[in-house]
Amino acid sequence: MTFGFGVASGDVSAHSIVLWTRCVPGSAVSWHVDESGGVLHASGESVADAEGFVHVEVNGLSADTRYKYQFADDGGASPVGNFRTLPINGPIRFGVVSCAKFNSGYFNAYAALARRDDLHFVLHLGDSTLGVDGIPHAIRTRMQARFGDVLGLVGGGGLALQLL
């Protein structure tokens with residue numbers, strides 16, 4: 001599946017951001033960043049590395065501004081991501097979340113954070129593999145098949161940054 005790992009953004013400043021996705025290794029990937037209201041801010045092309053990773057550094061952004069971004073290749077388009085650049089002066093507001101029990105399924109705190117308009121980013125400390133032992137083997141095997149690479153990347157108390 002093209003863009004099966006979704007998209008991410010990080011290493012934010014007042015005027016730049018790094019965008020990330022994973023797709024078919026060696027594929028040509030286009031990307032674009034739009035300001036609110038759909039005005040194109042930046043676009044370009046890249047090639048996925050041997051493992052399918054694409055990292056794009058976008059510069060020349062406006063401070064304390066919301067943007068949307070998306071990747072595309074011959075197989076289709078990625079989900080639309082969004083981020084907010086940091087202000088030059090003034091406070092930076094962030095949310096912090098921690099380990100989630102993946103098999104519990106009550107993730108309304110994440111939805112509540114996503115609805116907030118005053119946060120610049122959410123910092124996730126930990127991983128999402130806690131409580132996997134309570135999942136029946138057949139379901140755990142399907143989870144590992146679908147999310148194994150992602151769980152391996154952030155497992156063991158890894159640090160993930162998701163910008164809003």
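Biologist: How many helices and strands does the protein have?

Modeller: Helices are DSSP runs of H or I with at least four residues, and strands are E runs of at least two, numbered from the N terminus. By that rule, the protein has 2 helices and 11 strands. This is a predicted model: local features need pLDDT of at least 70, side-chain atom pairs count only at pLDDT 80 or more, and totals for chains, interfaces and linings use all residues. Residues are numbered from 1 along each chain as its sequence is written, and side-chain values use heavy atoms, without hydrogens and water. So the count by DSSP runs is 2 helices and 11 strands.

Biologist: In what order do the elements run from the N terminus on?

Modeller: Read the chain from its N terminus. The order is β-β-β-β-β-β-β-β-β-α-β-α-β.

Biologist: What share of the 164 residues counts as buried?

Modeller: Buried means under 20% relative accessible area, exposed over 50%, and partly exposed in between, with a 1.4 Å probe and protein chains only. Of the 164 residues, the buried share is 35%.

Biologist: Is arginine 22 buried or exposed?

Modeller: Arginine 22 sits in strand β2. A polar atom of its side chain lies 3.0 Å from the backbone oxygen of glutamate 51. The relative accessible area of arginine 22 is 18%, so this residue is buried.

Biologist: And alanine 50, buried or exposed?

Modeller: Alanine 50 is in the loop between β4 (40-47) and β5 (53-59). Its C-alpha is 8.7 Å from that of valine 24, and the two are 26 residues apart in sequence. The relative accessibility of alanine 50 is 73%, so this residue counts as exposed.

Biologist: Which residue in β2 stands opposite glycine 10?

Modeller: Strands pair if DSSP finds at least two bridges between them. Strand β1 (residues 7-10) and strand β2 (residues 16-22) run antiparallel, joined by 4 bridges. They form a hairpin with 5 residues between them, and aspartate 11 in the turn has a positive phi of about 50°. Opposite glycine 10 stands valine 18.

Biologist: Which residue in β4 is the bridge partner of aspartate 34?

Modeller: Strand β3 (residues 28-35) pairs with β4 in the antiparallel sense, over 7 bridges. This hairpin has 4 residues between its strands, and glycine 37 in the turn has a positive phi of about 90°. The bridge partner of aspartate 34 is leucine 40.

Note on methods
A polar contact is a pair of N or O atoms within 3.5 Å; within protein, one must be able to donate a hydrogen and the other to accept it, and residues adjacent in sequence count only if both atoms are side-chain atoms.
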